[in-house]
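Okay, thanks everyone, let's get going.

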Amino acid sequence: MNIIMKFKAPLILALIYVTLAIWAPGIAYRSSAVALDYVREMALIIPPVFILMGLLQVWIPKDRIKSLIGTGSGLKGILISFTMGTLPTGPLYLAFPLAGSLLQKGARVSNIVIFLGAWAALKIPQLIAETEFLGLPFTALRFILTLTAVIVIGQIMEKLISPEDLPKTINTEM
Amino acid sequence: MTTIIIIYVLLGLCLGLSLWKSRGKTVQSFHSAAKAFWNMAPGLLAIVGIVGLILGVLPPETISRLVGEEAGLIATATAAVLGAITLIPALISFPLAGSLLRSGATVTTIAAFITTLVMVGTVTAPLEIKALGKKFTLLRNGLSFLAALVIACIMGVILG
């Protein structure tokens, strides 16, 4: 029963797919093709990302994270967060649990926002594809503006978010 | 493909180092990874389902029709909203954006679409809330959406 409750969202979605297959088979077919593509991508990327996260949680002590990207880490912290985000690592939703555990380990909110922003919008492979299809001026300008925006958003969010706003027990402690 | 190779090489190196240093701690890492995965699994499955539905109803061709046909502010607003609700892999979205740009969409519209697409995630918000809290998620997505509109306008002025 508990498991059914836990998986109620995916189960409801599965029901929608079945309904669609009956009265809109075209949409159901396209949707399933897209969903299958995503499952394939996830199957390859999820195991290494979660294991790396487990290693990080077990091996890297709290004060190490704090000194690298916590309060007082200054420009070094910004650079480290930015660099970690730009590494080619997969879709943004996989960065959330990682970001959550970094926050729990004492990272600054502003640095986590930079990390997520870089992961989402400033990834190296993504920039290469962007230059190819949209040109260098477009890519370079978007890069500069987005980086500025992410730094500003990080500053604003750090002012507005207090420790009580963050989840108490991160996903791994349950 | 390169992404996959790099991430597995990184995993191999870290795992090797961990095993060499302590077997117990490595096992502990796997436990931690499994727990995190179990906790995120419903969210991840839901993302797959919702993305499938959205792209099933709104295939890239429909998106390009919506963004390409309308003009001016409406096109830009439509593009920003579409970017915020859809989740398209970069390998598909950049060629799509490139062809839209060549077929007459404005720089502002394309910049709005790309920026909200990568920075704002409506579908992934439940997962983000679980890991980072409601306030963090709402602020990050809300501010990113506003920033995307500003970025798009500046890019339109400079490159348009």
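Is B:Gly83 buried or exposed? It's buried, because 29 other C-beta atoms sit within 10 Å. You'll find B:Gly83 in helix H4 of chain B, residues 72–85. Setting aside residues up to four places away in sequence, B:Gly83 touches B:Ala112, B:Phe113, B:Ile114, B:Thr116, B:Leu117 and B:Val120. For a sense of scale, go 15 residues along the sequence from B:Gly83 to B:Gly98, and the two C-alpha atoms are 15 Å apart.

Now pick up B:Phe113 from that list. Leaving out its neighbours within four places in sequence, B:Phe113 is in contact with B:Val67, B:Ala79, B:Ala80, B:Leu82, B:Gly83 and B:Ala97. B:Phe113 also turns up in the largest nonpolar core, which has 84 residues. The residues with the most contacts inside that core are A:Ala99, A:Ile112, B:Val51 and B:Phe113. Which helix gives the most to this core? That's helix H2 of chain B, residues 23–57, with twelve residues. And on the chain A side, domain 1 (1–45) and domain 2 (60–173) both give residues to this core, so it lies between them.

A bit more on chain A, then. Chain A has nine helices and zero strands. The C-alpha atoms fill a box of roughly 60 × 50 × 30 Å along the principal axes. The centres of its domain 1 and domain 2, taken over C-alpha atoms, are 30 Å apart. Of the 174 residues in chain A, 41% are buried. And if you take contacts in chain A with a separation of 6 or more, 77% are between residues 24 or more positions apart.

Over to H8(B), the last helix I want to show you. H8(B) has 26 residues and reaches 37 Å from first C-alpha to last, close to the expected 38 Å. Its buried residues include B:Phe136, B:Arg140, B:Leu143, B:Ile151 and B:Met155. What do the buried residues of H8(B) pack against? From chain A it's H7 and H9, and from chain B it's H4, helix H6 (107–119) and helix H7 (125–132).

Finally, confidence. The model scores ipTM 0.85 and pTM 0.85. Chain B has a mean pLDDT of 88, with 96% of its residues at 70 or more. Within chain B, confidence is highest in helix H8 (residues 134–159), at a mean of 96, and lowest in helix H3 (residues 60–69), at 75. As a rule, where pLDDT is low, the predicted coordinates should not be read in detail.

Key:
Residues are numbered from 1 along each chain as its sequence is written. Chains are lettered from A and ligands numbered from 1 in the order in which they are written. This is a predicted model: local features need pLDDT of at least 70, side-chain atom pairs count only at pLDDT 80 or more; totals for chains, interfaces and linings use all residues. pLDDT is the predictor's confidence in each residue, from 0 to 100. Helices (H or I, at least four residues) and strands (E, at least two) are DSSP runs, numbered from the N terminus. A residue is buried if 20 or more other C-beta atoms lie within 10 Å of its own, exposed if 12 or fewer, and partly exposed in between; C-beta atoms are placed from the backbone. Two residues are in contact if their C-beta atoms, placed from the backbone, lie within 7 Å. Domain bounds come from an automatic or database domain assignment. A nonpolar core is a set of buried Ala, Val, Leu, Ile, Met, Phe, Trp, Tyr and Cys residues joined through C-beta atoms within 7 Å. The expected span of a helix is 1.5 Å times one less than its number of residues.
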